[in-house]
Amino acid sequence: MLRYLVRRILFSLLLVLVVSSAALVLTRLAPGDITAEQVGTGVASHTLAAERARLGLDRPVFEQYVMWMRQAVRFDFGTSLMYGRPVAGLVAERARNTALLALVALLAATVVGLPLGVVAGSRTGLVSSAIRSASLLALSLPSLISSLVLVFIAARTGWLPTGGMTSADAAASAGLLAHFSDVLWHLILPATALALPLAATLERLQAQATSEALGEPFVAAAAARGVPPGRLLWRHALKPALRPVVSIYGLVLGSLLSGSFVVEIVTAWPGLGRLMFDALRSRDLYLVAGCAAAGGVFLAAGALVSDLALVVIDPRLRGRLEAGA
């Protein structure tokens, strides 16, 4: 297991290096830079050239990349050209907001999707058909459409805030409980937009896996011994039916943490996706690389969590790892 973890961690570091390096180089090679917005505003060309030299944008791409790598190995990802702040601190701050949103959405999707999948996979009739139809509808709606629909409903009804992470009056108050309640109130809409397609995905996977598990010989043998249907489902069939879901669970978590791009922009959630969008729009190459590195860390961590969870739930994989060691 230790050798397996070391290999996975080394692969994760390589993934983060490749993703962040590609983001930096591609942003640097793209037309324009952060000073392009000042072109045509009456700023003299020599002033723009001096600003590009101050920011290091006049250096060759390879030289700039080597300088960035020397800093990055010390966990110094440079200074944001747009905010004038260290990239590491800025990315960490926004990554916490994205992590909060992703974890709440994943929890909601799990609580809703897995039980519905078990019910849909173990029964036939109107209830199963209704669950499958609802999940198909949720899967058919892109995150952009579901976010816009939820924002429209919130704006027309006034039930929920339409954007942001906190309210101005709650931020001014000194109470910790009031601030927590306000963040939670703003969290409902973007978390729902993220959780809907994810819950539908988990339901479909769990329903198929439950149906297959109930047809396994060991389940049939337990039924022949007179095991009640409820215990047959929840004690005998559920654990093997969880394997397909567990195998992608960490990947889903990683993709949520690194890919809640559209939802954060539509709902004005101050997370990593929105920061990445602003960085790309302003050609802030160091901030783009930092956001890409954080996304790579999330994806790698999600894949590692998924693999470890699958090893825990499936004894056959543990035997293979021990045999390989």
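Author: Helices here are DSSP runs (H or I, at least four residues), numbered from the N terminus. This is a predicted model, in which local features need pLDDT of at least 70 and side-chain atom pairs count only at pLDDT 80 or more, while totals for chains, interfaces and linings use all residues. Residues are numbered from 1 along each chain as its sequence is written, and side-chain values use heavy atoms, with hydrogens and water left out.

A pocket is an open set of points, on a 1 Å grid over the protein atoms alone, where a 1.4 Å probe fits and protein lies on both sides within 12 Å along at least five of seven lines; lining residues have an atom within 4 Å of a point. The volume of the largest pocket is about 520 Å³, taken as the space filled by probe spheres set on the points, which are joined across faces, edges and corners. By class, its lining holds 19 nonpolar, three polar and no charged residues, where Ala, Val, Leu, Ile, Met, Phe, Trp, Tyr, Cys and Pro count as nonpolar, Asp, Glu, Lys and Arg as charged, and the others, Gly among them, as polar.

Elsewhere, Leu144 lies in helix H6 and counts as partly exposed because its relative accessibility is 41%, between the limits for buried (under 20%) and exposed (over 50%), with a 1.4 Å probe and protein chains only.

Conventions. Helices (H or I, at least four residues) and strands (E, at least two) are DSSP runs, numbered from the N terminus.
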